[in-house]
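Subject: Structure handover

Hello,

Here is the structure for you to look over. My notes follow below it.

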Amino acid sequence: MHVISTRGGDRCSVVEALSRGLARDGGLYVPEHWLRFTIDDFAGRDTLADVAAVLLRPFLADSPLADQVDAICTEALDFDTPLVALNDGRTHLLELFHGPTGAFKDVGARVLAACLSRLRAPDAPDLTVLVATSGDTGSAVAGAFHRRKGFKVAVLFPDQGVSPRQKHLLSCFGDNVRSFAVDGTFDDCQAMVKAAFANTALMAAVPLTSANSISIGRLLPQMAYYAQAALRHARSGGRPMNFAIPSGNLGNALAAIWVRALGLPIGEIAIVSNANRVLPDFFATGEYQPRPSVATIANAMDVGAPSNLERLRAGFAETGGLHTLSVDDDTIRRRVPAFLAEFDTVICPHTACAAEFVARRRAGGDDRDWAIAATAHPAKFESVVEPLIGRTITVPATLARWLDQPAQAEPLAAEAEALATALRRG
Ligand SMILES: *Cc1c(COP(=O)(O)O)cnc(C)c1O
């Protein structure tokens with residue numbers, strides 16, 4: 001299948017779009033056609049890898065990866081994303097945190113890595129995946145490319161802007177992964193990465209590629225867990241499932257909107273932001289007003305200019321049945337313990353935003369089925385969550401494995417030149 005740019009000036013195969021990230025005209029790639037799937041297309045398919053393979057096969061048809069779709073999905077998606085019914089029988093938690101770094105970003109990053117490593121020519125020079133992160137993206141991408149032949153990873157994170165456990169996770173991989181603790185903000189990290197991609201001399205010496213959340217190679221695989229949950233719910237006789245999704249750059253929520261556009265039984269979709277309210281304001285006014293991000297306790301959603309919105313604004317998918325809400329830190333602080341009291345379940349600060357949306361629907365008399373997307377394991381945000389609930393959170397074995405490793409990050413000044421020098425040094 002082909003993809004086209006939101007700005008109308010580029011069209012290429014999905015596989016080319018995977019390697020390229022941003023479209024050649026500066027826009028974002030979106031599918032050229034909206035296929036239609038039915039529940040029957042997924043007969044006998046229930047694991048995350050199986051559902052992903054059905055969804056991705058038409059996108060990769062007629063490509064060098066066409067006959068490797070099953071192998072890619074089996075290799076990348078060797079964990080589950082369970083839909084857990086909570087004790088009121090109608091609220092569900094879609095647990096997206098069972099991957100190796102404990103956040104939903106493992107899904108997209110691992111499929112992208114499995115695709116790119118198969119597309120790489122055996123004699124090609126090493127490719128460095130350069131990524132700026134406010135936390136979870138960096139560890140997911142580092143984990144996905146860790147020890148992959150032909151790839152290196154360089155992760156930039158704001159030294160003061162991540163939790164101690166996030167910092168450890170970002171710095172513990174070693175081998176082909178380098179971690180840079182930048183003396184600056186996440187915006188500084190992003191500016192440094194952008195400058196590196198614009199530096200043609202550097203790019204010639206050190207071939208770079210990106211794996212950020214605008215890559216269609218991360219978006220498409222994310223459709224799998226919404227499809228899987230919707231199918232499981234439909235097969236057990238439920239009405240179309242409604243989803244409440246914590247959102248920053250809209251990457252995760254867009255996957256739900258897209259998979260609904262492909263015909264899967266999904267009802268309403270709530271896009272729930274923290275105090276960075278560009279998305280809710282856009283839906284309320286129709287005007288897109290990016291602004292500097294503000295720091296919150298749900299820091300993976302601290303986005304002031306959500307680039308993925310361009311994919312919605314370009315009008316490429318049905319946007320009916322969408323809700324938005326902005327949730328401030330005080331409300332998150334109340335929702336985490338309230339959720340624990342009501343459902344005996346500890347959630348992360350991001351998940352709490354979506355939980356707040358559902359709580360408000362319940363208060364308004366909505367008794368339909370809602371699934372809250374649990375985007376990260378609460379143990380990753382222990383410094384925020386533990387004081388709120390007054391107890392320690394058990395670290396799952398998948399995360400503990402990494403946290404037990406020694407960690408080492410290289411300090412880096414927040415200057416483009418410092419990054420270029422470090423990358424050339426290799
Ligand atoms: C990245 C992230 C989000 C936001 O995802 P977007 O795709 O940017 O909307 C929410 N929660 C957690 C835990 C994350 O890591």
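Two notes on reading it. The model is predicted, so to speak of local features takes pLDDT of at least 70 and side-chain atom pairs count only at pLDDT 80 or more, while totals for chains, interfaces and linings use all residues. Residues are numbered from 1 along each chain as its sequence is written, and side-chain values use heavy atoms, leaving out hydrogens and water.

Now the ligand. A polar side-chain atom of Lys105 is 2.5 Å from a ligand oxygen atom. Polar contacts are pairs of N or O atoms within 3.5 Å. Gly248 places a backbone N or O atom 2.8 Å from a ligand oxygen. For Gly251 the corresponding distance is 3.0 Å.

Then the sheet. Five strands (DSSP E runs of at least two residues) form an open, parallel sheet in the order β9-β6-β7-β8-β14. Strands pair if DSSP finds at least two bridges between them. The edges are β9 (208–209) and β14 (410–413). Strands β6 (127–132) and β7 (151–158) pair over six bridges. Leu127 stands opposite Phe151 in β7.

Best wishes

Notes:
Helix = DSSP H or I, 4+ residues; strand = E, 2+ residues; numbered from the N terminus. Polar contact = N/O pair within 3.5 Å; in protein donor to acceptor, adjacent residues only side chain to side chain.
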